[in-house]
Amino acid sequence: QVKLVESGGGLVQAGGSLRLSCAASGSIFSINAMGWYRQAPGEQRELVAMITSGGSTNYTDSVNGRFTISRGNAKNSVDLQMNSLKPEDTAVYYCNMNAIQTLTRRLVDYWGQGTQVTVSS
């Protein structure tokens with residue numbers, strides 16, 4: 001069974017930094033992309049950043065220049081370095097992995113349980 005485990009959320013003052021990490025375990029045939037989404041109270045879940053298997057990255061406009069997504073040191077892992085944090089970055093952050101299942105060869109989205117990021121003003 002594939003599982004995504006996130007770490008690194010917390011409380012930080014505006015202007016501060018946090019680093020989120022996500023590691024996938026279980027059998028995966030191949031990974032198409034890994035990324036981070038966030039959901040603030042009363043809002044829809046939105047893409048924050050994504051990195052493809054080829055290394056291409058994509059960021060939502062509001063975090064461009066402040067956040068950096070990268071592959072983690074461990075296999076099938078991804079990190080999100082968040083600098084110059086703002087109160088509007090406050091949300092639950094979810095790790096996402098778009099991957100091909102080993103047995104079915106189907107393309108599937110996997111999700112972590114979410115980690116809270118709170119930025120105080």
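Here is a walk through this predicted model, from the overall fold to the core and then the surface.

Start with the secondary structure. Among contacts between residues at least 6 apart in sequence, 55% link residues at least 24 apart.

What about overall dimensions? Along the principal axes, the C-alpha atoms take up a box of roughly 50 × 25 × 25 Å. The radius of gyration is 14 Å, which agrees with the value near 14 Å that a compact globule of 121 residues would have.

Now look inside. Of the 121 residues, 40% count as buried. The largest nonpolar core contains 30 residues, and the members touching the most others are W36, L80, M82, Y93 and M97. The top contributor is β9, with 5 residues. As background, nonpolar side chains in soluble globular proteins tend to be buried together.

The accessible surface of the protein chain is about 6500 Å², and carbon and sulfur atoms account for 46% of that. On the charge side, there are 10 positive and 8 negative side chains. The centres of those two sets sit 11 Å apart.

Notes: Residues are numbered from 1 along each chain as its sequence is written. This is a predicted model: local features need pLDDT of at least 70, side-chain atom pairs count only at pLDDT 80 or more; totals for chains, interfaces and linings use all residues. Side-chain values use heavy atoms; hydrogens and water are left out. A nonpolar core is a set of buried Ala, Val, Leu, Ile, Met, Phe, Trp, Tyr and Cys residues joined through side-chain atoms within 4.5 Å. Buried means under 20% relative accessible area, exposed over 50%, partly exposed in between (1.4 Å probe, protein chains only). Helices (H or I, at least four residues) and strands (E, at least two) are DSSP runs, numbered from the N terminus. The radius of gyration is taken over C-alpha atoms; the globule rule is 2.2 Å times the number of residues to the power 0.38. Contact means heavy atoms within 4.5 Å. Accessible areas come from the Shrake-Rupley method with a 1.4 Å probe; for residues, only the protein chains shown count as cover. Lys and Arg count as positive and Asp and Glu as negative; His and the chain ends are not counted. The place of a charge is taken as NZ of Lys, CZ of Arg, CG of Asp or CD of Glu.
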